[in-house]
Amino acid sequence: MNITSSVTQNEQSTKSFGPTMQFARTLLRANVRNVKALAVTLGLPLFMLFTIWVPSLAGDEESLEMMQLLFPAIILLSVIMPGLTQTTRLTRWREQHIFQRLALTPVPLANLVVGVSLTQIVIGVAQGILLLLFGIFLVGLEMSWLHVLLVLGAMILAGATFIAFGSMIAAFSRNPDIAGYVFFFSIMPMTFLASFPPDMMPDTLNAITPWLPTSMALELIGPLFLTNQLGDGALLAAVGLVLYTTLFTETARRAHSL
């Protein structure tokens, strides 16, 4: 009986894969057509990078140090923001009873949430490409094709983690504004902790900071941008992000299935 049930579930998952991808493509087309929102989403990290890049043109040591400190932090912020969009969108759908209509389709609701996540990941990839182009042509980063692929892979993995985190928050919230605040005020402290040098932080926080998903994302992405190579803790950071993504996704899936 258990074997039969398992086979049935696998068949249902396979059959729902096509509709899930079609749902993701439809959402992606809708996002592309919303030119103003797309321009803000893609342009904000570029604008922030531009504001710290211009002072560094003076060539003084302080400006260059500021560039090295803030460049990875802004990259990290760019992979976090799709998670906020995911949070508010799913919560708004619940508030507008869209989930009740989607539940009438033959595709499991959790699969449709995955489709929404895939849309955000694609937008994150586009954002990552723009940031790479900025770094290569304006900042002067020298990156091989292998390193470009590594950067994009790292950004996809980190973005998937925070999108899954946003999905988990949305699964337990009924108000999009409150869900957005919960995401923002839980992620921002972790972002600041991950961005500050260890010598500026007390030992108690330094013992906790490496285990945060923001620190793992920064450990994975930062060295690729600044030194054109993976950091010593890249493998542990990648494994940690995969575990976080799995935890957040499974929690969100179970909550959305209730």
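**Helix packing and aromatic pairs**

Helix α2 passes helix α5 in a right-handed crossing, meaning that the near helix is turned clockwise from the far one by less than a right angle. This is a predicted model, where local features need pLDDT of at least 70, side-chain atom pairs count only at pLDDT 80 or more, and totals for chains, interfaces and linings use all residues. Residues are numbered from 1 along each chain as its sequence is written, and side-chain values use heavy atoms, leaving out hydrogens and water.

**How α2 and α5 pack**
- The axes of α2 (residues 35-56) and α5 (residues 109-139) come within 9 Å and cross at roughly 25°.
- The two helices are therefore roughly parallel to each other (angles under 35 degrees).
- On the α2 side, the contact (heavy atoms within 4.5 Å) includes Leu-42, Leu-46, Phe-50 and Trp-53.
- Among their partners in α5 are Ile-123, Leu-130 and Phe-134.
- By class, this contact of α2 with α5 has 13 nonpolar, 2 polar and no charged residues.

**Aromatic pairs**
- The count comes to 5 aromatic pairs (ring centres within 6.5 Å).
- Phe-165 lies in helix α6 (residues 145-171) and Phe-183 in helix α7 (residues 176-195), so the pair ties together parts 18 residues apart in sequence.
- Phe-165 counts as buried at 11% relative accessibility (under 20% relative accessible area, 1.4 Å probe, protein chains only).
- Phe-183 is buried too, with a relative accessible area of 1%.
- Phe-165, Phe-183, Tyr-244 and Phe-248 form one aromatic cluster.

Definitions and conventions. Axes are lines fitted to C-alpha atoms, for helices over the stretch in contact, and angles run from 0 to 180 degrees between N-to-C directions. Helices (H or I, at least four residues) and strands (E, at least two) are DSSP runs, numbered from the N terminus. Angles under 35 degrees count as roughly parallel, over 145 as roughly antiparallel, 65 to 115 as roughly perpendicular and the rest as oblique. Ala, Val, Leu, Ile, Met, Phe, Trp, Tyr, Cys and Pro count as nonpolar, Asp, Glu, Lys and Arg as charged, and the others, Gly among them, as polar. Rings of Phe, Tyr and Trp (its six-membered ring) pair if their centres lie within 6.5 Å; planes under 30 degrees apart count as stacked, over 60 as edge-to-face and the rest as tilted. Buried means under 20% relative accessible area, exposed over 50%, partly exposed in between (1.4 Å probe, protein chains only).
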